[in-house]
Amino acid sequence: MDIHAIQAALAEAKLDGWLFYDHHRRDPIAYRVLGIEPQKCSRRWYYLIPATGEPLRLVHRIEKGALDNLPGGAQEYSSWREQREALGKMLAGKKSVAMQYSHLNDIPYVGLVDAGTVELVKSLGVEVVSSADLVQLFEARWSDAAFESHLEAGSAVHA
């Protein structure tokens, strides 16, 4: 994961951050973009890459090591009240964040965050926008080697 490249893309898109969230390994995009292996995930976790500054982790105390491989400050919670308070602090000052959300489910591949979590973030005064363009840049784009392989395969099929 290239945090600086993600932050540059966030700044270009005029977004305050990219908020990753998971519960029960429902978001494979998050794991691939962040470059972490799915672990036991019976509790919610959040990871915010802000457009500027240090990333932030929010994890349940029972699974406090869930995001240890990622850079940034860490906050732990136990109760739902603690979780909401910590999420509010994490998002303080943010006006808009990208999440794996798709307005009207136009892109189901990206619409992985549940409606309740989107509502929770919105209730904190933060607009949630689709991460589809960011996913395209950081997860769905071919590497140079993959593109070359595609061209070779196309030539072979054409021949």
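## Notebook: loops, strands and rings

I began with His24, whose place is in the loop between β1 and α2, where helices (H or I, at least four residues) and strands (E, at least two) are DSSP runs numbered from the N terminus. The model is predicted, so I note that local features need pLDDT of at least 70 and side-chain atom pairs pLDDT 80 or more, while totals for chains, interfaces and linings use all residues. Residues are numbered from 1 along each chain as its sequence is written, and side-chain values use heavy atoms, with hydrogens and water left out.

**Entry 1: backbone.** I looked up phi of His24 and found a positive value near 60 degrees in a residue other than glycine. Most residues other than glycine have a negative phi, which is the reason I wrote this down. His24 counts as partly exposed at 45% relative accessibility; here buried means under 20% relative accessible area, exposed over 50%, and partly exposed in between, with a 1.4 Å probe and protein chains only. Asn105, which is not a glycine either, has a positive phi of about 55 degrees. I place Asn105 in the loop between β5 and α4 (115-123), and with a relative accessible area of 46% Asn105 is partly exposed.

**Entry 2: strand β1.** I then asked how many residues of β1 are buried. The count is 6 of the 6, so β1 is largely enclosed by the rest of the structure. Gly17, Leu19 and Tyr21 point one way from the strand, and Trp18, Phe20 and Asp22 point the other way. For its neighbours I used the rule that two strands pair if DSSP finds at least two bridges between them. β1 and β2 run antiparallel and are joined by 6 bridges, whereas β1 and β5 pair in the parallel sense over 2 bridges. Trp18 takes part on both sides, with Ile49 as its bridge partner in β2 and Ala98 opposite it in β5.

**Entry 3: aromatic rings.** I found 4 aromatic pairs in the structure, a pair being rings of Phe, Tyr and Trp (its six-membered ring) with centres within 6.5 Å, called stacked with planes under 30 degrees apart, edge-to-face over 60 and tilted for the rest. Tyr21 and Tyr46 form a tilted pair, 5.1 Å centre to centre with 40 degrees between the planes. Tyr21 lies in strand β1 (residues 17-22) and Tyr46 in strand β2 (residues 45-50), so the pair ties together parts that are 25 residues apart in sequence. Tyr31 and Trp45 form an edge-to-face pair, 5.8 Å centre to centre with 80 degrees between the planes. This pair links Tyr31 in helix α2 (residues 28-34) to Trp45 in strand β2, 14 residues apart, and both residues are buried. I also noted a cluster in which ring pairs link Trp18, Phe20 and Phe138.

**Entry 4: confidence and helix α6.** I checked pLDDT, the predictor's confidence in each residue from 0 to 100. The chain averages 91, and 99% of the residues score at least 70. Among the elements of the chain, strand β5 (residues 96-99) has the highest mean pLDDT (97) and helix α6 (residues 144-158) the lowest (80). Phe147 lies in helix α6 and counts as partly exposed at 41% relative accessibility.
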